[in-house]
Amino acid sequence: MFSSPEPAGFLPLDQLHALVARLMQLGYQCLGPAVENDAIVMRELDAPDGLPRGLQAEQAPGRYRLTTDPQHRYFAWANGPQAIKPQAFAPQESLWRVERDAAGMLQFEAVVPNAPAQAIIGVRACDLAALALQDAHFLREGRRDPHYAKRREQLFLVAVQCAEPGATCFCASTGDGPTPTAGYDLALAELPDGFVAVSGSAKGAAVLSALNLSAANAQQVDAVRQQGQAAAAAQTRSLPGRTLRDALMSRLEHPRWDEVASRCLACGNCTAVCPTCFCHAEIDGPALDGEASRHERIWDSCFGESHGHLHGFNVRPDIRSRYRQWLTHKLATWHDQFGRSGCVGCGRCIAWCPVGIDLTEEVAALTGSGVSHE
Ligand code: SF4
Ligand code: SF4
């Protein structure tokens, strides 16, 4: 996060509300962590001082429990089930609608979302990396998705360094965390008495300059560096540091696919929480009187029966082939599409899998690479 050309500032702990107030003043709807259904999700803040403190989440395969941070920090929680994906790629939205006019002719009309300007406070490095992958898919040259683009350009991202990664996190091994390095407007690192803050965009620099912060001193900058190194060292899961494309694609008939299929419920939780998954279905919602219809895009999952359905047959009729599709797309053929793996090491698919399937263990079993969890 210190690759920013701007010098780092220091925001005292009791001035965090001034940052939120400034963003609100600029017209942003501010989203921050909130507890809902016993999990941390991103919700609109009612007031500048509405950010909660002291939240933590214990995570393990198939397990997520809220706990309390003894140091009463603002951002000691590792990521919740919800990344920032829904803010750019809506779970369900209308793409266009059609109506029959008075002359009986069909009139088509694009539906462009009325996306508010949103500032998201508490974005993690893994989620910034995931958003860059969503951008590569939805904003690619010549195929720019106007719905995604409209929401995406309205986002102001306030990233935070992860000081307490969850036991399911492995972003250090994928090179995507735990310290944000790109893709943010502002980045914060929480220390006992305040936040070291840097900007990553012109918008971010303008917000920081309005706060009139004093410069962070060398000890504070060094403490942030050490905190990032300690958070990376604390991660006990990993993916191999090499490209897994050939290793996985040469094992398409490995018996492990049957073994994992015997445990997998094909519930699709892993794809719903994964910040890089972008598969969707398109459905039509006709009005009962037959005079109008809306064409909708809705998140889909490669674990669903209908996802592999082609005209007359299903290319992935069983769970074995669906799990294999998920893992080989994410970790192997993604390299062909985007030049990197589709996994940013957030660990959500491990924590939110009801039977605790762990993709780092599956990769180790498939490729014979080591895996160690303390
Ligand atoms: S595959 Fe799992 S660990 Fe990797 S980005 Fe998706 S949810 Fe996170
Ligand atoms: S791997 Fe887990 S979360 Fe994913 S579909 Fe199978 S049971 Fe559900």
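This is a predicted model: local features need pLDDT of at least 70, side-chain atom pairs count only at pLDDT 80 or more; totals for chains, interfaces and linings use all residues.
1. The peptide bond joining Gly177 and Pro178 is cis, with omega at about 5 degrees. Most peptide bonds are trans, which makes this spot worth a look on the screen.

2. You will find Asp38 in the loop between strand S2 (29-36) and strand S3 (39-44). Its phi is near 60 degrees, a positive value in a residue other than glycine. For background, most residues other than glycine have a negative phi.

3. Helix H9 covers residues 256-263 and helix H11 covers residues 319-338; their axes come within 8 Å and cross at roughly 105 degrees. Angles of 65 to 115 degrees count as roughly perpendicular, and H9 and H11 are therefore roughly perpendicular to each other. On the H9 side, the residues that meet H11 are Trp257, Asp258, Val260 and Ala261. H11 brings Ile319, Arg320, Tyr323, Arg324, Leu327 and Thr328 to this contact. By class, the contact of H9 with H11 holds six nonpolar, one polar and three charged residues.

4. H9 also packs against helix H13 (residues 359-367), at an angle of about 155 degrees and with the axes 10 Å apart. Because angles over 145 degrees count as roughly antiparallel, H9 and H13 are described as roughly antiparallel to each other. From H9, the contact takes in Arg256, Trp257, Val260 and Arg263; from H13, it takes in Glu361, Glu362, Ala365 and Leu366. The contact of H9 with H13 divides into four nonpolar, no polar and four charged residues.

5. Which residues are around ligand 1? They are Phe170, Cys274, Pro275, Trp326, Lys330, Cys343, Val344, Cys346, Gly347, Cys349 and Leu359. Sorted by class, this shell has nine nonpolar residues, one polar and one charged.

6. Finally, where does ligand 2 sit? Ligand 2 is in the largest cavity. It is surrounded by 13 residues, and the closest are Cys264, Leu265, Cys267, Cys270 and Cys353. The shell around ligand 2 has eleven nonpolar residues, two polar and no charged.

Methods: Residues are numbered from 1 along each chain as its sequence is written. Chains are lettered from A and ligands numbered from 1 in the order in which they are written. Side-chain values use heavy atoms; hydrogens and water are left out. A residue is near a molecule or strand if one of its heavy atoms lies within 4 Å of it. On a 1 Å grid over the protein atoms alone, a cavity is a set of points where a 1.4 Å probe fits but cannot get out, and a pocket is an open set with protein on both sides within 12 Å along at least five of seven lines; lining residues have an atom within 4 Å of a point. A molecule sits in a cavity or pocket if more than half of its atoms lie within 2 Å of its grid points. Ala, Val, Leu, Ile, Met, Phe, Trp, Tyr, Cys and Pro count as nonpolar, Asp, Glu, Lys and Arg as charged, and the others, Gly among them, as polar. Axes are lines fitted to C-alpha atoms, for helices over the stretch in contact, and angles run from 0 to 180 degrees between N-to-C directions. Helices (H or I, at least four residues) and strands (E, at least two) are DSSP runs, numbered from the N terminus. Angles under 35 degrees count as roughly parallel, over 145 as roughly antiparallel, 65 to 115 as roughly perpendicular and the rest as oblique. Contact means heavy atoms within 4.5 Å.
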